Amino acid sequence: MNRRRVRFWAGRVAHMALVVLGIAVVNFFLLHLAPGDAAQVLAGEAGSATPEYMAALRRQFGLDQPLPVQFVQYLANLLTFNLGFSFRHGLPVLELIGQRLPATLLLMVASIGFAVLAGSALGVVAARNAGRLLDTAISTLALLFYATPVFWIGLVLVVVFSVGLDWLPVGGMTSVEAGYTGVAYAKDVARHLVLPAATLGLFYLAIYTRLMRAAMLEVTTQDFIRTAVAKGLKPRRIALRHVLRNALLPVVTMLGVQVGSILGGAVLVETIFAWPGLGRLAFEALFQRDLNLLLGILLCSSAVVVIVNLAVDLLYTVLDPRIELAR
Amino acid sequence: MTSNASRSLLLRVASLAVGVTALFGGTAFAQAPQNGGTLTAIVQPEPVTLTSAINTAAPTGFISGNVFDGLVDYDLNLNPKPALAERWEVAPDGLSITFFLRRGVTWHDGHPFTSADVKWTLENVWKTIHPRNQATFGRVTQVETPDDHTVVLRLSEPSLAILSSVNSNGAQVLPKHLYAGTDILNNPHNLKPVGTGAFVFKEWSKGNHVILERNPNYWDKGKPHLDRIVFKVIPDAAARAAALEKGDVQYAVFSPVPLKDAERLAKLPNLKIETRGYEWLSPWLFFDLNVDNPYLKDVRVRRAIAHAIDRKAISNIVWYGFAKPAISPVPTTLGAFHDATVPQYEFDTKKAEALLDEAGYKRGPDGVRFALTHDFIPYGDDYKRTGEYLKQALKRVGIEVTIRSQDTAAFTKRVYGDRDFDISSAWFAAFSDPQVGVTRAYWSGWVGKNTPWTNGSGYRNPEVDALIAQAQGQARQEDRIATFKKIQQIVQTDLPSIPLAELKFFSVHAANLKDVVTHGDQIYGSLKDAWFDKTASN
């Protein structure tokens, strides 16, 4: 048993490391296919340049080296857990990611938490009232949120709640002008969080509602539910203890997929609400050909995906004891 | 569902404005500036660095101009005004320029500002790594500092363009004691600048904001009036409009909202649209025609294209009136340098068709003479619409145009490096002297050098090259003006690129923010004169 465990973990970890490394190598060459480089973007933005200035930039960025040399350099950095330096920002990549991580985590936890809780609850309600008016109303609403473009929902929320009603701020993460500290600061951030988290959450919510409803209905037709009904259990208890627990599996799968995309952030929502998250950082890095930074974000992102996948597998065994870890 | 909400807001703002006008309607003249208040402005895109000496991008200049001073400022007519230099003298032979520096000026860290700072920056930054200044200061052979407050530039040839580029953006003076002996491009002070300006750098939260605070020891006594400036990064144009409309943000520059939103915002009583402050930049929009293209190498085809384009329509319809038709590549804002007598190509499709027929490109059975591609400068919808206009206009005379889009890095490589295009669009800043901003579009030395915003058309004319070199070394301004007029006549005859419009960039600011534009280089200058009229804001 114990040896089997060790073998499982060793194999799994090696497998994960290989996947991450493979992704890094593919990313490196893929990104270098993009026309233009960081020096060109900087010179383009400056509105004017001379060949001497651009040569100085390329030397500074290490872009004057041949691609294979750059690649070996990159690999050597990776193996020592060094994500490199963003010359555009003048800061190490790790530090840049660290600066943006809290904002991204806050937005993601808030929106996914809201989506999972509210979405699952709505799904359960819809499934228990399947075919009735309430079910139709919830399903229609979910479909509407799912189909509406995220940026449109965001802008409408801004126009209604910020510009029109003046309840919430237009964007950003804090009111720097006010210089809040302590509890007032936390409240200020919370006020800024409402609209972006709701915008992003509404899209996810729709997914969870539909997923939960379908899973609940499917489980309800299973034999053990008929047994439970025959035993004379109350419908409420059956729904929560027997149906819900089994219906959670697809929801956990979906959750895994979404948590995996945390580091990628939510480019659209972050852009509309000027939220200082990783998604915008990655998006801008792409246009600015800041490849060190982009590679760093993508690498962290792939690491998170791999780790979350493992966590989801483990969670399956907890939720459903019939599932075992293979290998 | 939003109309009610926004209407009630409008009503509120409107009634406020009516009240304010009733109270102060009669006393609109020359109010004394009031001190205090925090200005929230938009900076977009987020700057790369806060030091204009190593990066001349607009967002950097917008913030940096508040932290640093120039040797001079430029007034709305682009005349130099004293700043760090109290006065200056150009020797009669044009071979030396002397700046007399202001006394008692200190850097934000307390070090005195002296002639050594100017000398060091000129020799180590402006002449070497500055993106634009190497041509301007290239003729400086020696910098003398007879005392702490005098700088003498010795020149191999006269260089009058120098006096047009010594504001805080054109030639930013860096503190020698923090930069000497360091790797200048990687110096940590590029991100937390130490200047002499009206505002002191406080913090930069990446992706969020930059905060500057009032410099209590500023040499210009009584200024600045504002306590603080917060520059916020707001990437989405609709969100920028909302933030301005709501009053969360009181100042934004470089056409911060789409042109159609600008029309709407201009009607709001709490906001004002301002097109002054961009004079030093003097931007003009043009199409570059790749003269290596088999069709476009024929000057008759290039002239035909010019005749097929209605520049009035571009200014009034495509650019919503935020532009005026261009006559020559030297914009009218450059005053004496501008030549209004250059050959004109009036909008006339018949003439265009006749020229194309004459060049031997008859319409085929499908009505098409030949096909070209168009790559527009990827700076937003306005340039895309300009490209769509070109497609329509040329279709009328039998030229099929395919529009291609890409991001900035791909665009500059395609046009200035690979030269793999037919017609491209771009806007350049002419600056207050054509030598700085205009000649780069025509000098053959730039062709294919992969240097963005230079000679994109591939135009090579030894006569023009010689005239450009001649104008650089002329000591008398009248002679330079005559030379630049000759250049304009030639390039408008050969027409490697078609000037379309003099762009009017605009700023949006709160109606109670006063004196926000006092200089011709305001968007790259200091907000030391700006103040909030508090009687109006309550």
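Predicted model: local features only at pLDDT ≥ 70, side-chain atom pairs only at ≥ 80, totals over all residues.
Trainee: OK, on to the interface. How many residues of chain B are in contact with chain A?
Mentor: On the chain B side there are 52, and they are in contact with 51 residues of chain A. Together the two chains bury about 4300 Å², and 59% of that area is on carbon and sulfur atoms.

Trainee: Which three residues supply more of chain B's buried area than any other three?
Mentor: Those are B:Val48, B:Lys206 and B:Lys246, which supply 13% of the area that chain B buries against chain A.

Trainee: How many salt bridges does the rule find across the interface?
Mentor: Two. In one salt bridge, the side chain of B:Glu46 meets that of A:Arg100, at 4.0 Å from N to O.

Trainee: What about polar contacts, how many residue pairs are there?
Mentor: Five residue pairs across the interface are in polar contact, with both residues at pLDDT 80 or more.

Trainee: Which helices and strands of chain B supply at least two residues each to that side?
Mentor: The helices are H1 (3-24), H6 (237-246) and H12 (408-418), and the strands are S1 (38-42), S9 (209-214) and S10 (228-232). H6(B) gives the most, with six residues.

Trainee: And by class, how many nonpolar, polar and charged residues are on that side of chain B?
Mentor: There are 26 nonpolar residues, along with 13 polar and 13 charged ones.

Trainee: Changing topic: where is the place of B:Pro434?
Mentor: B:Pro434 lies in helix H13 of chain B, which covers residues 434-437.

Trainee: Is B:Pro434 buried or exposed, and why?
Mentor: B:Pro434 counts as buried because its relative accessibility is 1%, and the cut-off for buried is under 20%.

Trainee: Which residues is B:Pro434 in contact with, leaving aside its neighbours within four places in sequence?
Mentor: B:Pro434 is in contact with B:Val330, B:Leu334, B:Phe337, B:Thr439 and B:Phe484.

Trainee: What separates the C-alpha atoms of B:Pro434 and B:Asn461?
Mentor: Those C-alpha atoms are 18 Å apart, and the two residues are 27 residues apart along the chain.

Technical notes
Residues numbered from 1 in each chain as written. Chains lettered and ligands numbered in written order. Heavy atoms only, no water. Contact = heavy atoms within 4.5 Å. Buried area = accessible area lost by both parts, 1.4 Å probe. Polar contact = N/O pair within 3.5 Å; in protein donor to acceptor, adjacent residues only side chain to side chain. Helix = DSSP H or I, 4+ residues; strand = E, 2+ residues; numbered from the N terminus. Nonpolar A, V, L, I, M, F, W, Y, C, P; charged D, E, K, R; others polar. Buried < 20%, exposed > 50% of the residue type's maximum accessible area, 1.4 Å probe, protein only.
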